[in-house]
Amino acid sequence: MAKEEAKAKVQRYLVTADNPDYADVTAGVQFNRGQALIDPLTLDANLGRTPAEVADLLREMGGYAVREVE
């Protein structure tokens, strides 16, 4: 049960750029084919932000659709 609870608390977001061909880094997140996955394993810890904070930043910037995924 502890494993399931820990797994449920992982912050994971799928970010889709308005441009489906976008392949670059924005806010420390690597996009490929217009998409990026943000979670604790893919986010550079040196950014000093949580996945939720980066997801909020991308929402505020505009040009990206952000949704939480399991």
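View 1. Asp56 is partly exposed, with a relative accessible area of 37%; here buried means under 20%, exposed over 50% and partly exposed in between, using a 1.4 Å probe and protein chains only. Arg59 also counts as partly exposed, at 40%. The two form a salt bridge, with their closest N and O atoms 2.8 Å apart. (A salt bridge is a side-chain nitrogen of Lys or Arg within 4 Å of a carboxyl oxygen of Asp or Glu.) Both residues lie in α2, three residues apart, about one turn of the helix. Helices (H or I, at least four residues) and strands (E, at least two) are DSSP runs, numbered from the N terminus.

This is a predicted model, in which local features need pLDDT of at least 70 and side-chain atom pairs pLDDT 80 or more, while totals for chains, interfaces and linings use all residues. Residues are numbered from 1 along each chain as its sequence is written, and side-chain values use heavy atoms, leaving out hydrogens and water.

**View 2. A salt bridge between Asp39 and Arg12.** Their side chains meet at 3.3 Å, N to O. Asp39 sits in the loop between β4 and α2 and Arg12 in the loop between α1 (2-8) and β1, so the pair ties together parts 27 residues apart in sequence. Asp39 is buried, at 4% relative accessible area, whereas Arg12 is partly exposed, at 25%.

**View 3. Val29 and its neighbours.** Look for Asp24, Ala36, Ile38, Leu43, Val54 and Leu58: Val29 touches them, not counting residues up to four places away in sequence. Contact means heavy atoms within 4.5 Å.
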